[in-house]
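User: I have a structure open and would like to go through it piece by piece. Can we start with the helix ends and work from there?

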Amino acid sequence: MGKEERMPDFITKNGERIKQAIDLLALNRRPISVKIEGEQTVFDSLIVKVDPADPLSKAGTPGRVFIQWLSPPEGNNRIQSARTVQVRFSLGKYNLAFTSYYVTKSLESPYLGHIITYPESLVIADRRRHERHEGDSKAAPLFSKAKVSIGASGNQEKVYDLRVFDVSENGVGILVGQELFDWLRRIGVGDKLRGVELSAPWTIVRVDGTVRHKSKMHKGKYRGYRLLGIELDEKLEHYA
């Protein structure tokens with residue numbers, strides 16, 4: 001049996017997408033891994049402050065990213081003699097990384113730790129292609145919200161803002177609360193849904209799909225909700 005074909009890594013230099021990803025890490029205090037140049041050990045940290053470059057500055061001074069002291073703590077001495085570090089993290093179904101130059105220690109309270117340069121690009125790698133990522137899990141889905149348009153009366157359409165529960169490359173599960181159960185009854189298994197908008201921190205994707213199930217959630221945070229399972233016409237690949 002041959003090995004499963006892996007999607008190649010690719011790079012984005014889109015400034016807005018980079019900003020959204022880095023801001024998301026800082027605001028949500030999501031963990032990062034730090035690989036110091038020349039070291040085998042990978043260290044844990046968090047991004048605690050982001051200081052992007054001023055686009056109006058003529059000096060060309062790069063932006064800065066503040067990270068917490070590294071764990072294990074021996075990394076805090078080793079990083080100071082490094083020229084570059086690689087920062088790795090995950091968002092939804094993607095593993096991402098960027099390389100930065102080490103600047104100096106940060107003694108600015110409460111942002112104690114280290115300062116590295118703001119990334120100019122992101123390397124993006126697909127995880128397991130059929131892996132499913134659920135909301136509230138460590139690998140929360142890249143797409144967190146969905147907009148579904150359904151005809152209300154005549155040719156008029158109404159847009160419903162819903163939450164994404166889980167995502168795979170072939171489908172999406174959308175949560176429906178009690179207030180929309182009447183609306184859900186109008187949707188049948190096998191119905192086509194067109195122009196569903198999936199929102200991620202850095203992009204919005206419009207997809208078409210077919211309703212495959214309407215299931216009741218029996219446990220957890222969303223107990224009592226209904227899960228609308230949609231099989232997508234096209235795979236969710238390379239949306240970064």
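User: Which residue caps the N-terminal end of α1?
Analyst: Asn14 does. One of its side-chain oxygens lies 3.0 Å from the backbone nitrogen of Glu16. Bear in mind that this is a predicted model.

User: And what happens just after α1?
Analyst: Arg29 sits there with a positive phi of about 50 degrees.

User: Which residues of α1 are buried?
Analyst: Ile18, Ala21, Ile22, Leu24, Leu25 and Ala26.

User: OK, the core. Which residues of the largest nonpolar core touch the most other members?
Analyst: That core has 28 residues, and the ones touching the most other members are Ile32, Ile47, Ile67, Phe89, Ile116 and Leu122.

User: Which elements give two or more residues to this core?
Analyst: They are helix α1 (15-28) and the strands β2 (31-36), β3 (42-51), β4 (64-68), β5 (84-91), β6 (94-106) and β8 (122-126). α1 gives the most, with six residues.

User: Take Ile116. What is it in contact with, leaving aside neighbours within four places in sequence?
Analyst: Ile116 is in contact with Gly63, Arg64, Val65, Ile67, Val85, Val87, Phe98, Ser100, Tyr101, Tyr102 and Val103.

User: How many residues are in the second core?
Analyst: That one is separate and has 27 residues, including Leu162, Val211, Leu228 and Leu236.

User: Leu228 is in a strand, I take it. What is it paired with?
Analyst: Leu228, in β15, is the bridge partner of Lys214. Seven bridges join β14 to β15 (residues 226-232), and those strands run antiparallel.

User: What about β13 and β14?
Analyst: β13 (residues 192-199) pairs with β14 (residues 204-216) in the antiparallel sense, over six bridges. Val196 stands opposite Val207 of β14.

User: How many bridges join β3 to β4?
Analyst: Four, and these strands run antiparallel. Lys49 stands opposite Phe66 in β4.

User: Change of topic: Asn76. Where is it found?
Analyst: Asn76 is in helix α2, residues 75-78.

User: Buried or exposed?
Analyst: Buried, because its relative accessibility is 11%, and the cut-off for buried is under 20%.

User: What does the Asn76 side chain make a polar contact with?
Analyst: The side chain of His114, at 2.9 Å. Not counting residues up to four places away in sequence, Asn76 touches Trp69, Leu70 and His114.

User: Last, the whole chain. How many helices and strands are there?
Analyst: Three helices and 15 strands. The chain has 240 residues, and buried ones make up 43% of them.

Definitions and conventions. Residues are numbered from 1 along each chain as its sequence is written. This is a predicted model: local features need pLDDT of at least 70, side-chain atom pairs count only at pLDDT 80 or more; totals for chains, interfaces and linings use all residues. Side-chain values use heavy atoms; hydrogens and water are left out. A nonpolar core is a set of buried Ala, Val, Leu, Ile, Met, Phe, Trp, Tyr and Cys residues joined through side-chain atoms within 4.5 Å. Buried means under 20% relative accessible area, exposed over 50%, partly exposed in between (1.4 Å probe, protein chains only). Contact means heavy atoms within 4.5 Å. A polar contact is a pair of N or O atoms within 3.5 Å; within protein, one must be able to donate a hydrogen and the other to accept it, and residues adjacent in sequence count only if both atoms are side-chain atoms. Two strands pair if DSSP finds at least two bridges between them.
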